Every structure is written in C-alpha cells, then in structure tokens.
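Reader: Hi! I'm new to reading structures, so could we walk through this one together?
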Amino acid sequence: KNKSQLQVSSYLIDFNQHLSPHNLFSLMQDCAWKHITINQCGWDHLYKQGRVWVLSRMLVTMERPILWQEEITVETWMKSCDLITSYRDFTISDSRHQIVARATSMWHQLDVETRKIMSLNDFVFPNLNQDGIEEKPQKLHCPTGEPLIDASREINASNIDMNGHANNTNYIRWALDAFPIDFLKQKFVKQIAINFLVEGRLGNHFHVETRQESDDTFFQQIIR
C-alpha cells in the first residue's frame, strides 16, 4: 500500500469550498504514481520500455463532501491483475480515520508508438486482496434520446499531459462544467462512474452530451 497525507488547500476546492471532483481524481492518481514508482513500474521505468499507464475505467463513491482545510489520507493498492488489466483501489479518510470516499479502477499499459494495449505478463505486481469497492468498474451504456445539455469544447495545450493526450482528470471537469453553476451549488457529487474509450489529442473538438435518468442521476458522453 501507499499513503499520502495532506491538507485540502484553497487551489483544490470549488465554489462550495469542497474538494473538487477532478482534483480528487488528481490526488488519487498522484498517490498511485508514487506507489508504482516505489515498485519499479512507474512512468520513468516504463517509458524506457516504450510503455505508459493509462486509466480505462473508474468508480468513485463519496460519503460526504471533503472540505477546505481538512486533513485527509489517501491510500491506494493494487488488488489484482490479469492479462491486460491492473485493478487498483483507493480510500480517502479524514482526521478521525473515517473513510469519506472509496474508489476502484482499471488500468492498462499502452505501447508509446502504436498506442495499443500491451500484455502485463512480464510484470510482477505486489497485489493485495482487499477491496476499496468490491465491484469492478462496469462498462457504461448511455441512454439514447435528445440530450438535456449539449456543450462544445476544444482540447488545448493546458489539457495535455506527459503521455501526449488529454489527462483523464480533464474529462471530469468538462463533464461538470456542462451543468449550470446554480445547479452545482445545490448538489454534491455522490458517485462518478467513468469509462475512457479513446485518447483526446491537442486540437480535437468535442461536445458533452448530458441526459437525465432521475432527479439526481445523469449520464454524460464526451464525443469527438
């Protein structure tokens, strides 16, 4: 396992003084990066072999908002691995050691040149048979019909990470940015389930389609 302890700073919060969802994703992935680096399969190690890690699916559940200036602990571990997928879980705890958020995720390694998914047979991972969330992230099926909201955007330089594509945390921000701010001020994001299907590249134009299933459940597609 790997643990990161921090205080929620002002640059991590939103207008409600809550840790913003895209920054929650960033904190979890930073903790994961530290863990895989310790275990000799981080970015530097893999890139020399022509490989990079990419996030495929993730499920995050929140018990309550994480507040500005809270002291939190982010913990992560690899729980299993198969031919092409590594499964990684997370918990976020407050200063009273109460878990306030949980996550489970699926990761692949891509060939840097071909962008194809690589086999993980040659890698040995320290797996821990423990669940942050017991269920695996599922394949999502967005409902059909006219979208409630359709917002257009473009991927620019500030969205691109060192893997040469739009960092996955951007998609969380773009999805939430599609909603009116007055709506977001009244709501707390309790769960996010996301599937990443293709890479977003510099200059790509896309739009965010939002469809509503119930008062508090929305499905969104980001389409190039």
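Author: Happy to! Let's begin with a term: a residue is buried under 20% relative accessible area, exposed over 50%, and partly exposed in between, using a 1.4 Å probe and protein chains only. By that scale Asp30 is partly exposed, with 36% relative accessibility.

Reader: Okay, and what kind of model is it?
Author: The model is predicted, so local features need pLDDT of at least 70 and side-chain atom pairs count only at pLDDT 80 or more, while totals for chains, interfaces and linings use all residues. Residues are numbered from 1 along each chain as its sequence is written, and side-chain values use heavy atoms, with hydrogens and water left out.

Reader: Which residue does Lys34 form a salt bridge with?
Author: Lys34 pairs with Asp30, and their closest N and O atoms are 3.4 Å apart. A salt bridge here is a side-chain nitrogen of Lys or Arg within 4 Å of a carboxyl oxygen of Asp or Glu. Lys34 is partly exposed, at 33% relative accessible area.

Reader: How many residues apart are Lys34 and Asp30 in helix H1?
Author: They are 4 residues apart in helix H1, which means about one helical turn separates them. Helices (H or I, at least four residues) and strands (E, at least two) are DSSP runs, numbered from the N terminus.

Reader: How many salt bridges does the count come to?
Author: The count comes to 12 salt bridges. One of them joins Lys1 and Glu75, with the closest N and O atoms 3.5 Å apart. That pair links distant parts of the chain: Lys1 is in the segment before strand E1 (2-7), Glu75 is in strand E3 (residues 71-81), and 74 residues separate them.

Reader: Are Lys1 and Glu75 buried or partly exposed?
Author: Lys1 is partly exposed, with a relative accessible area of 46%, whereas Glu75 is buried, at 14%.

Reader: What about Glu199, which side chain does it meet in a salt bridge?
Author: The side chain of Glu199 meets that of Arg115, at 2.5 Å from N to O. Glu199 sits in the loop between strand E7 (191-195) and strand E8 (205-214), and Arg115 in the loop between E5 and strand E6 (149-154), so this pair ties together parts that are 84 residues apart in sequence. There is also a network: salt bridges with shared partners join Arg64, Glu70, Asp94 and Arg96.

Reader: Where is Glu70?
Author: Glu70 is in the loop between E2 and E3, and this residue is buried, with a relative accessible area of 15%. Its side chain and that of Arg64 are joined by a polar contact of 2.9 Å. A polar atom of the Glu70 side chain also lies 2.8 Å from the backbone nitrogen of Leu67. For a polar contact, two N or O atoms are within 3.5 Å; within protein, one must be able to donate a hydrogen and the other to accept it, and residues adjacent in sequence count only if both atoms are side-chain atoms.

Reader: Switching topic: how many disulfides are there?
Author: The count is 0 disulfides, where a disulfide is a pair of cysteine sulfur atoms within 2.5 Å.

Reader: Which residues of H3 are buried?
Author: They are Asn168, Thr169, Asn170, Tyr171, Ile172, Trp174, Ala175 and Leu176. That makes 8 of the 10 residues of helix H3 (residues 168-177), so the helix is largely enclosed by the rest of the structure.

Reader: One last thing: what is the phi of Gln17?
Author: Gln17 has a positive phi of about 65°, although it is not a glycine. Most residues other than glycine have a negative phi. Gln17 is in the loop between E1 and H1 and is partly exposed, at 44% relative accessible area. Arg115 has a positive phi too, near 65°, and is likewise a residue other than glycine.
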